[in-house]
Amino acid sequence: MINRAQYSPGPASGAQVRKDGEKWTLILVRELRHSPEKVWQALTDPAHLREWAPFDADGNLGTVGATVKLTTVGAPAPHVTETTVTRADAPEMLEYKWGGFDMRWKLEALGGGTRLTLWTNIGHRFIAMGAAGWHICFDVLDHLLGGTPMGRIVGPEAMKFGAWQRLNAEYARQFGIESPNWPPKPAQE
Amino acid sequence: MKIKVTSVYVDDQDKALRFYTEVLGFAKKTDFSQGPYRWLTVASPEEPDGTELQLALNNNPAAKAYQQALFQQSQPAAMFFTDDVQADYERMKARGAEFTMPPKDVTGSKIAMLKDTCGNVIQVTQLMRW
C-alpha cells in the first residue's frame with residue numbers, strides 16, 4: 001500500500017468496442033512488464049485476484065472444468081455467481097464467465113513481458129465505465145506483479161477516485177457513446 | 001427511516017423492464033451496473049419519487065425455488081394499488097398481459113392477478129370505499 005496516494009492513471013488507451021447485433025464486447029489490451037507465467041498466476045490464483053480483480057474467487061481458475069464462485073466486490077447486494085472454466089491453456093488462453101459476462105483472456109509473450117488482451121461483453125451503457133474500471137485494475141495488477149502492491153481499487157473505491165471519472169469520460173468519447181455520470185441520476189425516459 | 005424500495009426477483013432484467021414499463025405502465029427510475037451486477041428500479045409515473053420496485057435478477061438457487069413455489073400456488077410476488085382495477089385490467093390486457101384472475105371482489109377490495117412474464121404472479125388491488 002506504499003504508493004496508492006501517488007497513483008495517477010494515464011490517459012484512456014488500448015480499448016475498443018465491438019457490436020454484434022445486441023451484444024457489445026469490450027476489448028482491452030495492456031502490455032505488462034512481466035512474464036506470461038506470472039500474469040497467468042495473477043489471473044487464476046484467488047490470493048492474487050484478491051489484490052487487483054473486481055471479484056473474489058473461491059478457487060483457482062486455471063483448470064478446465066473447475067467450478068468457481070465469483071463474488072463481485074462492492075456490489076450493493078451480495079452478488080455471487082458460479083462459473084465453470086471452459087478454457088485454460090496456461091499461460092496463453094483463459095475463458096470463463098463472470099455473471100452474464102463472457103471473460104476471455106489472451107496472454108502473448110512480448111519481449112520479456114506480456115501483451116494481455118481481455119474480451120468481455122458488457123451492456124453498452126456501462127461499457128466506458130467498465131473500460132475505466134479495468135484500466136485501473138490493470139494498473140494495480142502491474143504494480144502488484146512489480147512488487148509494489150497498491151491494494152485493489154474496485155467498485156465504490158474506484159468510483160470515488162477522481163481519475164476513474166476522467167477515464168470514464170475519456171473512454172466514452174473514444175467509443176462515441178454517452179456514459180452515465182456518477183453519482184447516478186434517475187434515468188430520463 | 002422510510003420504505004423506499006422493494007424487490008421482485010425476475011429471470012431476465014431486460015424482459016422485466018419491458019413488461020413493467022410497457023405493459024404495467026411504470027417508468028424506469030434507476031439503472032446502474034457494477035460488473036455483472038445491475039441495479040434496476042421502476043417507479044410509478046403517478047408518484048415518481050415514491051416507492052421504487054427493484055427488478056432483481058434471480059440468479060440465486062434458493063430464491064428460484066421459493067419463486068417457483070409461490071408462482072405455482074398463484075401467490076403474488078408483489079402487489080400494486082390502483083383506483084380502478086377494471087380500467088387497468090382492460091388497459092394491460094390490450095397490451096398483451098396474461099391474467100390468472102380477472103377483477104374479482106374480495107373482502108375489502110377488488111383484485112386482479114397477472115403473470116409478469118419473468119417468473120411471478122403480481123396483484124393489482126383496488127381498495128373498496130365505504
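Biologist: In what order do the 6 strands of the open sheet in chain A lie?
Modeller: In this predicted model, the sheet is open and its pairing is antiparallel. Strand 1 (15-20) and strand 6 (87-89) of chain A each have a single partner strand, so one side of each is left without a neighbour in the sheet. The twist from one strand to the next averages 20°, and the order of the strands is 1-2-9-8-7-6.

Biologist: Within that sheet, which residue of strand 8 of chain A does Met93(A) stand opposite?
Modeller: Strand 7 (93-98) and strand 8 (101-110) of chain A run antiparallel and are joined by 6 bridges. The residue of strand 8 of chain A that stands opposite Met93(A) is Lys106(A).

Biologist: What angle does helix 3 of chain A make with strand 2 of chain A where the helix packs on the sheet?
Modeller: Helix 3 of chain A touches strand 1, strand 2 and strand 9 (113-121) of chain A as it packs on the sheet.

Biologist: How many of the 19 residues of helix 3 of chain A are buried?
Modeller: Helix 3 of chain A reaches 26 Å from its first C-alpha to its last, close to the 27 Å expected at 1.5 Å a residue. Just after this helix, Gly147(A) takes a positive phi of about 85°. Helix 3 of chain A is largely enclosed by the rest of the structure, because the number of its residues that are buried is 16 of the 19.

Biologist: Which element of chain A gives the largest share of the largest nonpolar core?
Modeller: That core has 48 residues, of which Val39(A), Ala131(A), Ala132(A) and Cys137(A) touch the most other members. Several elements of chain A each supply at least two residues, including helix 1 (36-44), strand 4 and helix 5 (162-175). The largest share, 12 residues, comes from helix 3 of chain A.

Biologist: With which residues is Val39(A) in contact, leaving aside its neighbours within four places in sequence?
Modeller: Val39(A) is among the core residues that touch the most other members. Once the neighbours within four places in sequence are set aside, the contacts of Val39(A) are Leu32(A), His34(A), Leu107(A), Thr114(A), Leu116(A) and Leu145(A).

Biologist: Which strands are at the edges of the open sheet of 3 strands in chain A?
Modeller: The order of this sheet is 3-4-5, with antiparallel pairing, and its neighbouring strands are turned by 30° against each other on average, direction ignored. Strand 4 (residues 67-72) of chain A is joined to strand 5 of chain A by 5 bridges, and within this pair Leu70(A) has Thr81(A) as its bridge partner. The edge strands, each of which pairs on one side only, are strand 3 (55-57) and strand 5 (80-84) of chain A.

Biologist: Turning to the interface, which strand of chain B gives the most to the side that touches chain A?
Modeller: In this interface, 13 residues of chain B are in contact with 20 residues of chain A. The elements that give two or more residues to the chain B side are strand 2 (27-34) and strand 3 (37-43) of chain B. By class, that side has 5 nonpolar, 5 polar and 3 charged residues. With 8 residues, the element that gives the most is strand 2 of chain B.

Biologist: Which residue in the turn between strand 2 and strand 3 of chain B has a positive phi?
Modeller: These two strands run antiparallel and are joined by 7 bridges, with Leu40(B) as the bridge partner of Asp31(B). They form a hairpin with 2 residues between them, and the turn residue with a positive phi, about 55°, is Gly35(B).

Biologist: Is Leu17(B) buried or partly exposed?
Modeller: Leu17(B) is found in helix 1 (residues 13-23) of chain B and, residues up to four places away in sequence not counted, touches Lys28(B), Leu40(B) and Leu55(B). A residue counts as buried if 20 or more other C-beta atoms lie within 10 Å of its own. Because Leu17(B) has 19 other C-beta atoms within 10 Å, this residue is partly exposed.

Biologist: In the hairpin of strand 6 and strand 7 of chain B, which residue takes a positive phi?
Modeller: Strand 6 (residues 99-106) and strand 7 (residues 109-115) of chain B pair in the antiparallel sense over 5 bridges, and Phe99(B) stands opposite Leu114(B). The hairpin has 2 residues between its strands, and the residue whose phi is positive, near 85°, is Gly108(B).

Methods: Residues numbered from 1 in each chain as written. Chains lettered and ligands numbered in written order. Predicted model: local features only at pLDDT ≥ 70, side-chain atom pairs only at ≥ 80, totals over all residues. Pairing = 2+ DSSP bridges. Helix = DSSP H or I, 4+ residues; strand = E, 2+ residues; numbered from the N terminus. Axes fitted to C-alpha atoms, helices over the stretch in contact; angles between N-to-C directions. Contact = placed C-beta atoms within 7 Å. Nonpolar A, V, L, I, M, F, W, Y, C, P; charged D, E, K, R; others polar. Buried ≥ 20, exposed ≤ 12 C-beta atoms within 10 Å, placed from the backbone. Core = buried A, V, L, I, M, F, W, Y, C linked by C-beta atoms within 7 Å. Expected span 1.5 Å × (residues − 1).
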